[in-house]
Amino acid sequence: MTAELRPPTAAACPGCLAAPAEAAEAALPDARIALSLPTIHCQTCIVDVESVLNAHPGVREARVNLTLKRAMIEADPDIRAADLIPALEKLGYEAHELDPGVLSSTASDRAGRELLMRLAVAGFAMMNVMLLSVSVWSGAEGATRDLFHWISAAIALPAIAFSAQPFFRNAWGGLSSRRLNMDVPISLAILLALATSLWETSLSGEHAYFDAALALTFFLLAGRYLDHRTRAIARSAAEELAALEVPRAIRIRDDGEEEEVAVAELKVGDRIRIRPGARMPVDGEIVEGRSELDRSLLTGETLPVAAEPGQQVSAGEVNLTGPLVIRATAVGEDTSLHRMADLVAIAESGRSRYTSLADQAAKLYAPGVHILSALSFVGWYLYTWDMRTALNIAAAVLIITCPCALGLAVPAVTTAASGRLFRKGLLIKNATALERLAQVDTVVFDKTGTLTTGELQPVNLEDHARSDVEIALALAEASSHPLSRAIAAAAREAGLQPAAVTEVTEVPGFGTEGLYRGQRVRLGRADWVGAAQGAQTTAWLAIGDRTPIPFAFSDRLRPGAAEAVRALREAGKEVLLISGDVAPAVESLARQVGIGKWVAEARPEDKAARVQSLSEEGRKILMVGDGLNDTAALAAAHVSISPATALDAARVASDIVLLGTDLSPIADACTTARRATKRIRENFRIATIYNVIAVPLAVAGLATPLIAALAMSASSITVSLNALRAR
Amino acid sequence: MEVLIILIPVSLFLGGIGLLAFFYTVRTNQYDDPEGDSRRILSGQWDDHPKP
């Protein structure tokens with residue numbers, strides 16, 4: 001369909017007056033806390049979670065939604081999610097706080113509800129009119145036929161006035177901006193069918209198309225509803241990902257007190273405390289504390305950088321070891337994170353040129369239908385000089401050619417294919433993403449966070465003496481730095497026990513030190529222990545005066561990365577790796593997963609420029625990336641995928657979100673997309689075949705309402721069944 | 001065939017009741033949690049008295 005369905009405003013629907021006022025809508029008016037409960041699955045879970053939450057002092061009401069795996073809690077203002085989560089975790093349920101402000105799916109689904117009601121009215125009216133029509137077709141005559149036609153008219157007119165509003169509105173919108181969209185022939189067919197049928201009925205005529213007009217409305221609304229539901233599911237899942245990152249920061253007031261505030265309330269000059277492991281909410285300058293920063297989401301570099309007072313930090317960086325206090329220098333729209341959005345907006349303008357298959361079909365179809373119908377009207381009028389016959393035949397041609405099956409062809413396939421991919425962990429955010437994915441011939445991967453998990457693992461533990469590693473383990477276990485944790489985990493896995501190191505202390509920004517048999521032992525940065533810093537991520541262990549020994553790290557490969565690359569290459573696609581990281585790290589990873597072409601040390605602009613130049617060569621690019629440095633490239637590519645762990649900005653810029661950690665569904669998604677596009681084309685062909693058979697009958701004046709009803713229902717059902725094969 | 005005069009309005013009226021009932025369920029958000037509702041009925045929590 002050309003135009004998107006605009007959310008209908010408060011409609012003058014007959015049912016709205018009859019149905020009771022929105023009682024349940026206000027069931028939880030100010031649900032303040034929302035929790036995501038990914039592990040609940042049964043009735044016992046619901047009862048457990050609800051009774052624990054309701055027993056908590058201060059909670060007024062808690063209700064679990066099992067379909068969304070979510071709990072909405074209405075509580076006193078002083079209750080925080082952090083108070084409730086431990087109680088649930090004690091029972092064994094994983095719980096995460098959601099930002100209720102971002103969860104607006106209930107508001108947006110008003111449109112879905114309106115559509116469902118219109119569908120219900122159209123279905124109800126269609127069934128009743130169809131029953132009356134069947135008796136007419138089977139031979140009712142005279143007064144009975146007239147009575148049945150008048151009753152049909154009485155049902156059809158108000159039902160269509162209510163149900164077909166979305167088509168009328170879209171058609172009017174298209175016409176007033178001088179475009180011919182699919183809704184124009186639809187509206188014209190419905191209106192013309194009603195007008196000729198009324199005229200025929202008033203003249204006690206034989207043929208009335210009330211049932212056809214209603215069936216047309218019903219089938220097309222079903223297509224619209226499917227389309228809306230697919231997008232609503234994707235939107236609600238995407239909202240949940242965004243809501244998981246509750247934007248809060250700890251502000252230090254002038255009197256030294258700390259308070260928790262929303263990031264939106266921060267102002268330039270505020271002093272903000274950043275705990276280890278937290279992400280910078282704003283751009284700023286460090287005023288207190290020493291630590292190390294992980295900038296991989298911004299630059300793609302895996303090597304942590306030292307942080308000390310006076311240094312600039314950007315929103316999105318992660319603080320690793322020590323607590324920091326920063327003074328905000330740019331907030332909200334001015335942060336470097338948001339400035340990147342401009343780059344994205346420029347890159348995105350290229351993609352909007354894509355015309356969907358449905359639009360391509362509509363462009364051919366809409367003028368053709370009108371010309372055919374007008375020609376048959378003129379032809380029959382000149383032949384018989386009878387307005388009534390000519391108008392009847394023109395209406396029959398419009399009804400039979402009306403894109404009933406075409407309206408179902410795309411949404412039915414997209415729903416089936418999106419459902420299949422969702423079960424595999426892929427969230428299709430954009431309506432045309434599947435069609436674009438099917439055309440891809442080149443795949444560009446980002447390294448850090450995409451092909452790798454961003455977690456580091458030590459690579460040369462076996463090269464060192466057992467006693468040295470045991471000292472390193474003792475020191476590493478005292479720190480929560482990612483490198484220390486990686487050493488500790490790997491050493492424990494190798495079955496080592498920590499050495500008896502005493503007086504272990506962590507020096508934020510540098511490392512850990514302690515005493516071992518009277519000697520000072522240190523594990524940390526190169527410059528701190530007196531070693532030379534190399535290109536690779538390395539932690540150094542210094543024992544007394546001995547030469548420091550290096551622990552080198554490499555990024556852990558994401559599960560399924562090698563399989564995904566292999567499957568994509570086998571499918572005949574070219575695979576590239578473009579990373580912001582240093583060359584040796586990129587080269588070793590490229591060799592590991594089997595990618596021949598790689599580019600290292602690429603800045604965000606370089607990535608986007610390379611993607612654009614490849615597109616200009618006529619290639620269709622799939623970009624897979626997660627960081628802020630990928631956002632522009634994600635938007636510039638023909639279609640893009642980002643993992644759920646990506647920054648919010650990257651997820652927004654991409655068409656598809658990968659929900660799990662495994663990368664292997666990507667190759668499968670390409671196959672599914674290609675199959676779905678094939679089904680869509682098949683559906684168009686099926687719809688055309690029905691037209692090729694039925695149109696000559698209609699033009700020749702042989703079409704009866706029975707033939708119109710049969711052709712319409714049969715083509716819609718075949719198209720839907722064919723779409724189900726894409727599941 | 002005079003029976004049609006009665007039967008058609010009656011059938012339309014009955015169908016209309018169904019339609020209105022459907023409207024009522026949609027407008028009171030009864031399709032928000034289909035999975036949860038099908039499970040809730042299995043719990044014995046409110047078997048003795050309704051939820052206050």
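Two strands are said to pair here if DSSP finds at least two bridges between them, and helices (H or I, at least four residues) and strands (E, at least two) are DSSP runs, numbered from the N terminus. Residues are numbered from 1 along each chain as its sequence is written, while chains are lettered from A and ligands numbered from 1 in the order in which they are written. The structure is a predicted model, in which local features need pLDDT of at least 70 and side-chain atom pairs count only at pLDDT 80 or more, whereas totals for chains, interfaces and linings use all residues.

**Confidence**

On the pLDDT scale, the predictor's confidence in each residue from 0 to 100, chain A averages 80, and 91% of its residues score at least 70. Confidence in chain A is lowest in α1(A), with a mean of 35, and highest in α6(A), at 91. Over residues 1-29 of chain A the pLDDT is below 50, although this stretch has 46 contacts in the model beyond near neighbours in sequence; a contact means that the C-beta atoms of two residues, placed from the backbone, lie within 7 Å. Where pLDDT is low, the predicted coordinates should not be read in detail.

**The antiparallel sheet**

Strands of a sheet pair through backbone hydrogen bonds, either parallel or antiparallel. In chain A, six strands form an open sheet in the order β6-β5-β7-β13-β8-β11, with antiparallel pairing. Because β6 (258-262) and β11 (312-313) of chain A stand at the edges with a single partner strand each, one side of each is left without a neighbour in the sheet.

| Strand pair | Bridges and sense |
|---|---|
| β5(A) (residues 248-252) and β6(A) | five bridges, antiparallel |
| β5(A) and β7(A) | three bridges, antiparallel |
| β7(A) (residues 271-274) and β13(A) (residues 324-330) | four bridges, antiparallel |

Individual bridges can be followed across these strands: Ile250(A) has Glu260(A) as its bridge partner in β6(A) and Arg273(A) as its bridge partner in β7(A), and Arg273(A) in turn has Val325(A) as its partner in β13(A). The strands β5(A) and β6(A) form a hairpin with five residues between them, and Gly256(A) in the turn has a positive phi of about 90°.

**The mixed sheet**

Seven strands of chain A form an open sheet in the order β14-β26-β25-β24-β15-β22-β23, and the pairing is mixed. Its edge strands are β14 (426-428) and β23 (597-599) of chain A, each of which pairs on one side only. Strand β22 (residues 574-578) of chain A runs parallel to β23(A), joined by three bridges, and the partner of Leu577(A) in β23(A) is Trp598(A).

**Helix α14**

At 1.5 Å a residue, the 20 residues of α14(A) (residues 404-423) should span 28 Å, which agrees with the 29 Å between its end C-alpha atoms; the expected span is 1.5 Å times one less than the number of residues. After α14(A) comes Gly425(A), whose phi is positive, near 100°.

**Contact with chain B**

In the model, 25 residues of chain A are in contact with 23 residues of chain B. On the side of chain A that touches chain B, at least two residues each are supplied by α1 (14-18), α2 (43-55), β2 (59-65), α5 (110-137) and α6 (142-163) of chain A, and the largest share, seven residues, comes from α5(A).
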